[in-house]
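Here are my notes on the model you sent. They are set out as numbered points, so please read them with the structure open beside you.

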Amino acid sequence: MDHDKKQEKSIILVCLQIFMGIGALFGGGALILDPSGDLIDMPVSMIKGSIFSNFLIPGILLFFVFGVIPCFVASGLTRQWKCITAEKLNMFSNKHWSWTFSLYIGFAIIIWITIQIYIINGFSIVHFIYIALGLIIQAVTLLPRVQRKYER
């Protein structure tokens, strides 16, 4: 029974990572395909006054950092395979790299959204959802049962 609960919590974590990843792949992909933001109804005026003249760079960051990496992490959480490069960035040597990267992603999305709110000087329900997602990812990652699953 304890193994089932441990598995259940890790499945939730994998699903959260996949949700984050798929959303960012689509959003980032749309911004890469159309840096004006018109494809997803985001006027370029939203980032006026920032260092960006269009959404290309934010789209690339969104696609890779919050799209590709969470999908990569979800795979690592599921299969616990070895990745030498990820291991070099793993601050917690007693945990599998995917567990640590799950924490990283939680922090990264909160930072990303906070910067976004600052740049656009506004707040929407989408910002709330993604900050909540970052916090939930961190909370589930830090659950004792989940931590034990990824111990070495």
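**Notes on the helices, the core and the pocket**

1. Helix α4 has 24 residues, and from its first C-alpha to its last it reaches 34 Å, close to the 34 Å expected at 1.5 Å a residue. The expected span of a helix is 1.5 Å times one less than its number of residues. Helices (H or I, at least four residues) and strands (E, at least two) are DSSP runs, numbered from the N terminus.

2. This is a predicted model, in which local features need pLDDT of at least 70 and side-chain atom pairs count only at pLDDT 80 or more, while totals for chains, interfaces and linings use all residues. Residues are numbered from 1 along each chain as its sequence is written, and side-chain values use heavy atoms, with hydrogens and water left out.

3. The protein chain has six helices and zero strands. Along the sequence the pattern is α-α-α-α-α-α. Taken along the principal axes, the C-alpha atoms fill a box of roughly 50 × 30 × 25 Å.

4. How much of the protein chain counts as buried? Of its 152 residues, the share is 36%. Buried means under 20% relative accessible area, exposed over 50%, and partly exposed in between (1.4 Å probe, protein chains only).

5. Contact means heavy atoms within 4.5 Å. Among contacts in the protein chain between residues at least 6 apart in sequence, 66% join residues at least 24 apart.

6. Back to α4: its buried residues include Trp97, Trp99, Phe101, Ile105, Ile109 and Ile113. Just after α4, Asn121 takes a positive phi of about 55 degrees.

7. Helix α2 can be checked for length too. Its 24 residues should span 34 Å at 1.5 Å a residue, and its end C-alpha atoms are 33 Å apart, which agrees. Buried residues in α2 include Pro58, Leu62, Phe66, Pro70, Val73 and Leu77.

8. Gln80 follows α2 and lies in the loop between α2 and α3 (84–88). The phi of Gln80 is near 50 degrees, a positive value in a residue other than glycine. Gln80 counts as partly exposed because its relative accessibility is 31%.

9. Asp41 is another residue to look at. Asp41 is found in the loop between α1 and α2, and its phi is near 60 degrees, again positive in a residue other than glycine. Is Asp41 buried or exposed? Asp41 counts as exposed, because its relative accessibility is 70%.

10. Helix α5 (residues 125–141) has 17 residues, which should span 24 Å at 1.5 Å a residue; the end C-alpha atoms are 24 Å apart, so the two values agree. Among the buried residues of α5 are His127, Tyr130, Leu133, Ile137 and Val140.

11. Ile137 is in helix α5. Ile137 counts as buried because its relative accessible area is 0%. Not counting residues up to four places away in sequence, Ile137 touches Leu13, Leu16, Gln17, Met20, Ser102 and Gly106. Ile137 and Cys15 are 122 residues apart in sequence, but 9.9 Å apart in space, C-alpha to C-alpha.

12. A nonpolar core is a set of buried Ala, Val, Leu, Ile, Met, Phe, Trp, Tyr and Cys residues joined through side-chain atoms within 4.5 Å. The largest one has 29 residues, and Met20 and Ile109 have the most contacts inside it. Helices α1, α2, α4 and α5 each supply at least two residues of this core, and α4 gives the most, with eight. Leaving aside neighbours within four places in sequence, Met20 is in contact with Phe66, Pro70, Ile105, Ile109, Tyr130, Leu133 and Ile137.

13. About 660 Å³ of space lies in the largest pocket. Of the 27 residues that line this pocket, Met42, Leu62, Trp112, Ile113 and Gln116 are the closest to its centre. A pocket is an open set of points on a 1 Å grid over the protein atoms alone, where a 1.4 Å probe fits, with protein on both sides within 12 Å along at least five of seven lines; lining residues have an atom within 4 Å of a point. Grid points are joined across faces, edges and corners, and the volume is the space filled by probe spheres set on the points.

14. Which helix supplies the largest share of the lining of the largest pocket? The answer is α4, with seven residues. The lining divides into 21 nonpolar, six polar and no charged residues. Here Ala, Val, Leu, Ile, Met, Phe, Trp, Tyr, Cys and Pro count as nonpolar, Asp, Glu, Lys and Arg as charged, and the others, Gly among them, as polar.
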